[in-house]
Amino acid sequence: MNNTTLTHSLRFIFLVFIQVLVLRQMTVGWGDFNYVHVMIYPLFILLLPIRIPDPLLIFLGFLLGMAVDFFYTSYGVHASATVFLAFIRPIALKILTPRGGYNINHSPNIKNYGFIWFLIYSSSLLFFHFLFYFIVSVFTHVYWLEIVLRTISSFTVSFIMILLYVKIFNPRD
Amino acid sequence: MRQLIAIFTRSGGILVFLILEIICLSLVVTFNKDQREIYHNSKSIMSDSMTHGWSEITQYWNLSAVNDSLSGVIAELKQQKDEAKFLKTIQQDSAKYTTEDFEQQYTYTSAKVISNTINLPNNFLTLDRGIRDGINTRMGVFDNQGIVGIVINSNTRYSKVMSILHRDSKISAKIARLNALGTLVWTSIGNPRIMELKYVPKHLNPKVDDIVQTSGASSYFPGGLPIGKIVEIEKDPQGGNFHSVKVELFNDLSTTRYVYIVNNLFKGGFKEIEEGKEDE
């Protein structure tokens, strides 16, 4: 168990616990205005090393989603969104390739590729993750307004929280 | 084993994605109440409409059998009506009659027309019921709209019916409104819709559009079965005692398909008394 695996495993546990113990109560406690569902666990997928093989990435996404689902008792809902996120992450990385190409040993974070790059990378992936999540959560085109409102509000708040997290904890490789 | 993993790694994530995503969505639909209901609702709408479409196509294959059984049910229901029954007791107030006051006089058997003519001077029909179905000669035949004829011959499986469109056909009929009896004959050879009601006394006043029914005075048909309506009345030009009344039939005998054969359960006694025999 080398340094990288340990770091990422700890991050997995930490993010999942923050999500289910703290952030879950926040959603419920807002009463009528329950459009904002804060989720920061997708950050785990975003920060995984660049050289991780795609199938492994998707499988880790599945594990992450199922872990969160276990505590939310919504089996499969978060998992379907994280699997989708893990699937499109390589596509986003390919589009956002910096001028010199990626350094295989790096992870996609601010220290390696800059704040603006990370902003674009995380916001685009995160948006699609939330969109997919709320589509599966609502599951019908009849409540399309719910889907749109929830996506926009949850994405906004969660994105801010994720930027705060990254600023505080400053993840390196 | 190694080759199996190699398939996954070479596909570049698509295979793993599809498999895991399908697993996730199956879990969603299985374990979450809202999604499960939406899924089952949409699935059953789709499969129900497909099944419905398929049954619309296949229903034609047993349509004939369904029609035959329905025809039999209708025959049974028709013989429940009061006109097919015989009133045993007389009450002062006709509203007080109960089922014990009635005895079943007529029973009906449903049958299909196999062959039919309407254009000859003497017309006949063939039905798909015979002696083995309890059909004998001198039984009346009618359908849902009007009357059809009288059985004149039957073998084991089939029966021959003298159509009312026959020069020798004489049906005892009445004008319902007046309760006036007459005899229905076919005089307009070549016109299968018009028959003539003869021997309507001149002092009675029939009108156009009056309904003509079976009288019940013959043993072939119960009373009250619809036959047709009056379309023309000629005060008898020869100065005789009767009107000449033209009746247009309700039923079109060229399209007759499902008919009912009347069995008069009292037939034997009726015939005996007509022939002058005494009851023992």
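**Strands in chain B, helices in chain A**

Hi everyone, let's begin in chain B, where B:Val151 has B:Val161 of β7(B) as its bridge partner. Before I go on: this is a predicted model, in which local features need pLDDT of at least 70 and side-chain atom pairs count only at pLDDT 80 or more, while totals for chains, interfaces and linings use all residues. Residues are numbered from 1 along each chain as its sequence is written, chains are lettered from A and ligands numbered from 1 in the order in which they are written, and side-chain values use heavy atoms, leaving out hydrogens and water.

A quick word on naming: helices (H or I, at least four residues) and strands (E, at least two) are DSSP runs, numbered from the N terminus. Two strands pair if DSSP finds at least two bridges between them.

So what runs alongside β7(B)? Strand β6 (residues 147-154) of chain B is joined to β7(B) by five bridges, and the two run antiparallel. They form a hairpin, with four residues between β6(B) and β7(B). Strand β4 (residues 122-127) of chain B also pairs with β7(B) in the antiparallel sense, over five bridges. There, B:Ser159 in β7(B) stands opposite B:Leu127.

Is β7(B) mostly covered or mostly open? Strand β7 (residues 159-166) is mostly covered, with seven of its eight residues buried. For the cut-offs, buried is under 20% relative accessible area, exposed is over 50%, and partly exposed is in between (1.4 Å probe, protein chains only).

Over to chain A, and its surface. A:Ile13, A:Phe17, A:Leu21, A:Val22, A:Met26, A:Phe70 and A:Phe71 make a nonpolar patch of about 650 Å². Patch residues have over 30% relative accessible area and no salt bridge, with nonpolar side chains (Val, Leu, Ile, Met, Phe, Trp, Tyr) joined within 5 Å and like charges within 9 Å. A salt bridge here is a side-chain nitrogen of Lys or Arg within 4 Å of a carboxyl oxygen of Asp or Glu. Areas come from Shrake-Rupley with a 1.4 Å probe; for residues, only the protein chains shown count as cover.

Helices α1 (3-28) and α3 (54-72) of chain A each supply at least two patch residues, and α1(A) gives the most, with five. A:Val22 sits in α1 of chain A, and it counts as partly exposed because its relative accessibility is 43%.

Last stop: A:Thr97, in the loop between α4 (77-95) and α5 (110-113) of chain A. A:Thr97 is 20 residues from A:Trp117 in sequence and 9.7 Å away in space, C-alpha to C-alpha. Thanks, all!
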